[in-house]
Amino acid sequence: MDTCAAEFEAYTPYLYSSYESAGEAGPTDRKKVIILGGGPNRIGQGIEFDYCCCHASYALQELGYETIMVNCNPETVSTDYDTSDRLYFEPLTLEDVLNIVERERASGELLGLVVQFGGQTPLNLATSLQAAGAPILGTPPDAIDLAEDRDRFGELLEKLEIPAPAHGTARTTEEAVEAARRIGYPVVVRPSYVLGGRAMAVVDDEEALRRYMVEAVAVSSQKSILIDQFLEDAFEIDVDALCDGERVVVGGIMQHIEEAGIHSGDSACVLPPYKISSYHLNIIREYTTKMGLALGVRGLMNMQYAIKDDVVYVLEVNRASRTVPFVSKATGLPLAKVAAKVMAGKTLAELGVTDEPELDGFFVKEAVLPWKKFTGIDTLLGPEMRSTGEVMGSADMFGHAFAKSQLAQVRLPHEGGVLITVNDFDKGGALKIATYTGWALPSTRRRHGRVYRTRGIPVTLLEKAITGAESNTTLDAMRDGKVHLIINTPLGR
C-alpha cells in the first residue's frame with residue numbers, strides 16, 4: 001500500500017497479503033525483530049498494549065535492529081508509518097504470522113518475535129509459533145503456559161512455599177462442581193487464555209455454577225475452566241517488574257482501591273500503596289523475585305496479590321500488563337523500552353536498572369467506564385472487565401491525587417442528600433464521612449441511624465425497596481430527587 005501515491009519511492013509502505021505469484025514485500029538484509037501487536041482494540045485489550053509495542057519498537061531501533069510490526073488496527077500508534085521500519089497490516093493468526101516469518105527470513109537475520117507486549121492475542125500464538133520453528137524472544141512460551149495452567153502453577157508455588165488461594169480446573173460441569181465443593185463457595189471461575197476476564201464470575205452456590213458452565217463452555221470450548229477460592233474483603237495489589245533471568249527489579253507496587261474480586265482493569269489503583277505495611281510490601285518483593293527467577297522471565301512480568309488476614313496470597317502471574325504505561329509515567333522508568341532491550345540480550349545491570357524507582361508523590365489510576373454509551377448494562381463492577389480507558393491523577397497527598405482522578409470523568413455534587421448504606425465493617429468509615437458532609441443523610445440501616453443520631457448527625461431512615469415496602473423506600477427518595485450521592489458497600493451475595 002504505497003504511502004506516497006506512486007509520486008516517488010515509498011520508504012514506509014503498509015504491507016498486506018494476497019496469494020499471488022509475485023510479492024512486493026522485499027525483505028532487507030538487516031538484523032530484524034518482529035513485534036506482534038494486539039489487533040483491534042476492544043474491552044480487555046486496548047491502547048495500553050499498543051503503548052508497549054511502540055516502546056518496544058523504539059528501543060530495538062536504538063539497538064540497531066530493523067523493527068517489523070504486525071498489527072491490523074488503523075486506530076493505533078503502532079500502525080503509524082513512522083513507528084516501525086516495516087508494517088504488515090495483517091490479522092494476528094498463526095497462518096498470517098508464519099507467512100511473514102517465512103518472507104522476512106528470505107534475507108537478513110531474524111533475531112526473533114516479541115509476543116509479550118500485545119496482550120493475550122499474540123500470547124495465545126506463542127507455543128504454536130515456537131513449534132513451527134519461529135524464535136520467540138523474552139520469556140519462554142512454556143513459562144507463559146505454566147503461569148496459565150493452574151495445576152502446574154500451583155505445583156510451582158508449593159515448591160517455592162508461596163501461599164495461593166485453593167484452586168482447581170475443570171472441563172465439564174461435574175468436574176467444576178466437584179472442584180468447587182472441595183474448595184468451598186464462593187469461588188472465582190473463568191476460562192483460561194481469555195482477555196479482559198471474559199466470562200469471569202464469582203459464584204456463590206452450585207446452582208449458579210451450573211448456569212455459569214453453560215456460558216463459559218460457549219466462550220472457550222477448547223480450554224479448561226479455572227476455579228479459585230474467592231478471598232472476600234481482601235486488599236488486592238498489582239506489581240509490575242523487570243527480569244533478565246538473573247535479576248528482578250520491581251517497577252511499581254500498586255494497591256487497588258476496590259477490594260479483590262473486581263477486575264484489575266476496572267479497579268482504581270494507587271502508586272505507592274497507601275494502606276499496606278512495610279512488612280507485607282517486603283513479602284511482596286520477595287515473592288516477585290522468587291517467581292520471576294523460577295519462571296525464567298526475560299522482559300516484563302505482572303503479578304497480582306491479595307492480602308487477607310495478614311497473609312499475602314499470589315493470585316496470578318502475567319506478561320506485560322495494562323498498568324505498564326501508568327507505572328512508566330509515574331516513575332519515569334520506561335518499563336517497556338527496558339524490557340525490549342532485555343529481550344534482545346541486554347542485562348538490567350548493563351542498562352543501569354538495578355533498583356526500584358523512587359516516587360515523588362502519589363499517583364492514582366482510575367478506570368473510565370462506558371455507562372453513558374452502553375446503556376442498560378449493570379453498573380456493578382465484577383471480575384469481567386468493562387472499562388474502555390483510564391486516567392491518572394497525581395499530587396503530594398493521596399486524597400488529592402484520588403480526587404483529581406475522579407474529576408476527569410465525574411463531578412461530585414456539592415449539596416443535597418447522601419444515601420449511606422454500608423456493610424458492618426465500613427460503619428466507622430461511613431461515620432467519618434457523615435460527620436464532615438453537612439448534608440441530609442438518608443440511611444437504610446436503623447443501627448447506623450442510631451449511631452449517627454448519637455453523634456448529633458440528622459438522619460432520615462428509609463426502607464430498602466427489596467423488602468416490599470410501599471412507601472419511603474430508597475427508590476422513592478431517588479425518584480423524588482432527594483438523593484444526589486450514594487455511598488454503598490455491599491458484602492457477600
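Q: What makes two strands count as paired?
A: Two strands pair if DSSP finds at least two bridges between them. In this predicted model, strand 12 (residues 269-271) and strand 15 (residues 362-368) are joined by 3 bridges, so they clear that cut-off of at least two. The two run antiparallel, and Leu271 sits opposite Phe363 of strand 15.

Q: What is the strand order of the open sheet of 7 strands?
A: Reading across, the order is 14-13-10-11-12-15-16, and the pairing is antiparallel.

Q: What makes strand 14 and strand 16 edge strands?
A: Strand 14 (311-318) and strand 16 (389-395) each pair on one side only. On average, neighbouring strands of the sheet are turned by 25° against each other, ignoring direction.

Q: Which strands does helix 11 lie across?
A: Helix 11 (residues 335-343) lies across strand 10 (235-244), strand 11 (248-256) and strand 13 (298-308), and runs at about 125° to strand 13.

Q: Why is helix 1 called oblique to helix 11?
A: Their axes come within 8 Å and cross at roughly 50°. That makes helix 1 oblique to helix 11, because roughly parallel needs an angle under 35 degrees and roughly perpendicular takes 65 to 115. The crossing is right-handed. On the helix 1 side the contact involves Cys52, His55, Ala56, Tyr58, Ala59, Leu60 and Glu62, and helix 11 brings Ala336, Lys337, Ala340 and Lys341. By type, the residues of this contact are 7 nonpolar, 1 polar and 3 charged.

Q: How does helix 1 pack with helix 10?
A: Helix 1 (residues 47-62) and helix 10 (residues 324-331) have axes 8 Å apart and pack at an angle of about 60°. Glu48, Tyr51 and Cys52 of helix 1 meet Val324, Pro325, Ser328 and Lys329 of helix 10. The contact splits into 4 nonpolar, 1 polar and 2 charged residues.

Q: Why is helix 5 said to be largely enclosed by the rest of the structure?
A: Because 6 of the 8 residues of helix 5 (residues 141-148) are buried. They are Pro141, Ala143, Ile144, Leu146, Ala147 and Glu148.

Q: What makes Val248 buried?
A: Buried means under 20% relative accessible area, and Val248 has 14%, so it is buried. Val248 belongs to strand 11. Beyond its neighbours within four places in sequence, Val248 is in contact with Ala241, Leu242, Cys243, Thr288, Thr289, Gly292 and Leu293.

Q: Why does Glu384 count as partly exposed?
A: Its relative accessibility is 22%, which puts it between the 20% cut-off for buried and the 50% cut-off for exposed. Glu384 lies in the loop between strand 15 and strand 16. Its C-alpha is 9.1 Å from that of Arg190, 194 residues apart along the chain.

Q: How do you know that Glu161 counts as exposed?
A: Exposed means over 50%, and Glu161 has 67% relative accessibility, so it qualifies. Glu161 is in the loop between helix 6 (150-160) and strand 6 (167-170).

Q: Which omega goes with the cis peptide bond from Leu271 to Pro272?
A: Omega is near 0° there. The bond from Tyr185 to Pro186 is cis too, with omega near -5°.

Conventions: Residues are numbered from 1 along each chain as its sequence is written. This is a predicted model: local features need pLDDT of at least 70, side-chain atom pairs count only at pLDDT 80 or more; totals for chains, interfaces and linings use all residues. Side-chain values use heavy atoms; hydrogens and water are left out. Helices (H or I, at least four residues) and strands (E, at least two) are DSSP runs, numbered from the N terminus. Axes are lines fitted to C-alpha atoms, for helices over the stretch in contact, and angles run from 0 to 180 degrees between N-to-C directions. Contact means heavy atoms within 4.5 Å. Ala, Val, Leu, Ile, Met, Phe, Trp, Tyr, Cys and Pro count as nonpolar, Asp, Glu, Lys and Arg as charged, and the others, Gly among them, as polar. Buried means under 20% relative accessible area, exposed over 50%, partly exposed in between (1.4 Å probe, protein chains only). Angles under 35 degrees count as roughly parallel, over 145 as roughly antiparallel, 65 to 115 as roughly perpendicular and the rest as oblique. A crossing is left-handed if the near helix is turned anticlockwise from the far one by less than a right angle, and right-handed if clockwise.
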